[in-house]
Amino acid sequence: MMVLWLVAGTIGLLALLGAAYFGPPLLVRRRQVAAVRRAGRARLALTFDDGPDRELTPVVLDMLAAHGVKASFFLVGSRTQDAPDVCDRIVAEGHEVATHSHAHRNAWRVGPWTALRDAVAGYDSLCRWCSPNAMFRPPFGKCTTPVLAAMRRRGAPVVWWTHVAEDTSDVPPDPEAVASRVLHDGGILLMHSRHRMAPRRAYLLQLLQLLLERGNAQGVTFCKASELLHA
């Protein structure tokens, strides 16, 4: 009987620890998504993760410039070493730079201190292009309570999304259907400005072109992620 009580107690303790470790970020995310959906009608924030990249990111910037649209780029700090001039261009053209950590660690798959160090290190490696309280988007959308608390101490919003472009899928969806849904709902769209696979790059650029052309024609207001968060 004593063994059963010990097992039950251990399970209960682990459940409480898990809820404390994962629960608060999940709650913040749910509330943020609901708020952005309410504020996002006819407003769309285009956000790009995983850059900078010497091949895809400049093409994305060219397309945004051609339509007079500003976007938000969540950059991976370790990748800026290979393309600092691309980061300079993002800032020079009036886009928003935020952090996507330093080494793109999944906080749910590494130890607590590793995830925390990676999140904080992103600000150090991106300090040339973004402020110490710039927005933070957790890699893979996975955040923990220690990371959330660290971001709150520095006054940095943790930002998720309301739509995904699905440009990392092995079999991309119909870009026409995705564009129609996103333009109808508005909100924050997750895309990527770095892809190694040519089909994913082609899909991303096709979708972006549809969004820019049809969005302007339909009177959609394109904005930066921070503007939509503060709406």
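Which residues does leucine 64 touch, not counting residues up to four places away in sequence? I began my notes with this, and I found that leucine 64 touches Leu46, Phe48, Val69, Ala71, Phe73, His95, Leu208 and Leu212, where contact means heavy atoms within 4.5 Å.

Before going on, I noted that this is a predicted model, in which local features need pLDDT of at least 70 and side-chain atom pairs count only at pLDDT 80 or more, while totals for chains, interfaces and linings use all residues. Residues are numbered from 1 along each chain as its sequence is written, and side-chain values use heavy atoms, with hydrogens and water left out.

**Core.** I then looked up the largest nonpolar core, which has 61 residues, and saw that Leu46, Leu64 and Leu211 touch the most other members. Such a core is a set of buried Ala, Val, Leu, Ile, Met, Phe, Trp, Tyr and Cys residues joined through side-chain atoms within 4.5 Å; buried means under 20% relative accessible area, exposed over 50%, and partly exposed in between, with a 1.4 Å probe and protein chains only. Helix 7 (residues 198-218) gives the largest share of this core, 7 residues; helices (H or I, at least four residues) and strands (E, at least two) are DSSP runs, numbered from the N terminus.

**Helix 6.** In helix 6 (residues 175-185) I listed Pro175, Val178, Ala179, Val182 and Leu183 as buried. They cover an arc of only 120 degrees around the axis, so they lie on the same side of helix 6, the arc being that of the directions from the helix axis to the C-beta atoms. The buried residues of helix 6 pack against strand 1 (43-49), strand 4 (163-164), strand 5 (187-192) and helix 7.

**Aromatic rings.** I next searched for ring pairs, meaning rings of Phe, Tyr and Trp (its six-membered ring) with centres within 6.5 Å, where planes under 30 degrees apart count as stacked, over 60 as edge-to-face and the rest as tilted. The count came to 3 aromatic pairs. Tyr21, Phe22 and Trp108 form one aromatic cluster; in it, tyrosine 21 is buried at 18% relative accessibility, phenylalanine 22 is partly exposed at 29%, and tryptophan 108 is partly exposed at 35%.

**Threonine 144.** Where does threonine 144 lie? I placed threonine 144 in the loop between helix 4 and helix 5 (145-153), and its relative accessible area of 0% makes it buried. Leaving aside neighbours within four places in sequence, threonine 144 is in contact with Tyr21, Pro25, Ala107 and Trp108.

**Cysteines.** I searched the whole structure for disulfides, pairs of cysteine sulfur atoms within 2.5 Å, and found 0. Cysteine 130 has as its nearest cysteine sulfur that of cysteine 127, 7.9 Å away, and is buried with a relative accessible area of 10%. The sulfur of cysteine 223 is 19 Å from the closest cysteine sulfur, in cysteine 130, too far for a bond, and cysteine 223 is buried at 3% relative accessibility.
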